[in-house]
Amino acid sequence: MEIYRLDVFTSVPGGGNPTAVIIDDEELSQAEMQALSTRLEVEAAFVLPPTRPGANNRLRYFSPAAEMNLCGHATIGALWLLGEQGLGKGELAVETEAGVLDCEIEFEAGKLARAVMSQPVPVFEESNFDRNLVAQALGLDVSQIGEPLVAASTGRPKLLIPLADYNTLDAIRLEQEAHTLLCQRHGLTGLYPYTLEPRNTAEDVTAEARQFPYGIGLLEDPVTGVAMGALAGWLLQSGVIAATPPVTRLTFEQGHAMGRNGRAEIFISTDQGRISDIRLGGVAVRIPEEVRL
């Protein structure tokens, strides 16, 4: 068994979202995988032999508290490591509990350039979310909560919460009791406040966000691939952002408030105005031993 640590959605150690990728040739049990992930204190991906025909690899994901059906940054980290180790290149089919994902490990001029994963086509729900409870959970005034409030999912449902600007985003102070109540009441795996007025407008950043997960043992997640995909899908499907066929490319940033800023790209294909394919792309950096300690 080999354990690697990476920071994902960044090329700078200490930025982005940390993950552990475990090349599991020892067939660890679920309890052993969970115990290892808890000890590592990050969301981790275990690279396993596939069980479905046509799949190249299988990934299982564990947070410090529970197994997850899908984890975007851990997938990108695992793909990056496979490319770096010479264990994968080009198009791959990756088996997960959320389905078999079309993935790609891209090289340019012989150098590892980007890892890309498909996500389930997003689904949306505009429910009767309690705006006062949302404001309480984020430590904001209800007047600072924008419209609409939408639950969106590319595998793990998040509540998308529009805010005016990145200063409001930075001002969030999570209130855990209200956060828990809101997530339990609506079957959410986290709150995803975002703004279309990010700090890096000069760098063509579409949106900036923060993610407050539920049930995985973390108060805040630095850079969240599945939530970015869900938000991108909603912005496009609702017409907030116009599609630029055949593929619309959006750039999101997250993690500034945690001092771990990272960036990811979302690529969306549409068919007759409906989303037909959505992909998440990013880079990663392996953390050397001296940085790890």
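The expected span of a helix is 1.5 Å times one less than its number of residues. Keep that rule handy for the second stop. You are looking at a predicted model, in which local features need pLDDT of at least 70, side-chain atom pairs count only at pLDDT 80 or more, and totals for chains, interfaces and linings use all residues. Residues are numbered from 1 along each chain as its sequence is written, and side-chain values use heavy atoms, with hydrogens and water left out.

**Stop 1: Phe46 and Phe62**

Select these two rings to see one of the two aromatic pairs in the structure. Rings of Phe, Tyr and Trp (its six-membered ring) pair if their centres lie within 6.5 Å; planes under 30 degrees apart are stacked, over 60 edge-to-face, and the rest tilted. Here the centres are 5.7 Å apart and the planes stand at 85 degrees, so Phe46 and Phe62 are edge-to-face. Phe46 belongs to strand E3 (residues 44-48) and Phe62 to strand E4 (residues 57-62), so the pair ties together parts that are 16 residues apart in sequence. Helices (H or I, at least four residues) and strands (E, at least two) are DSSP runs, numbered from the N terminus. Phe46 is buried, at 0% relative accessible area, and Phe62 is buried at 0% too. Buried means under 20% relative accessible area, exposed over 50%, and partly exposed in between (1.4 Å probe, protein chains only).

**Stop 2: Phe124, Trp234 and helix H6**

Next, select Phe124 and Trp234. Their ring centres are 5.5 Å apart with planes at 65 degrees, so this pair is edge-to-face. Phe124 sits in strand E9 (residues 123-125) and Trp234 in helix H6 (residues 225-237), so the pair ties together parts that are 110 residues apart in sequence. Phe124 is partly exposed, at 28%, whereas Trp234 counts as buried at 10%.

Now colour all of H6. Its 13 residues reach 18 Å from first C-alpha to last, close to the 18 Å expected. How many of its 13 residues are buried? The count is 12, so H6 is mostly covered. Just after H6, find Gly239, which takes a positive phi of about 85 degrees.

**Stop 3: strand E17**

Select strand E17 (residues 274-282), which pairs with strand E8 (residues 111-119) in the antiparallel sense over five bridges. Two strands pair if DSSP finds at least two bridges between them. Met117 stands opposite Leu280 in E17. Strand E16 (residues 262-271) also runs antiparallel to E17, joined by seven bridges, and Ser269 stands opposite Asp277. Finish at Gln272, in the hairpin of E16 and E17, where phi is positive, near 55 degrees.
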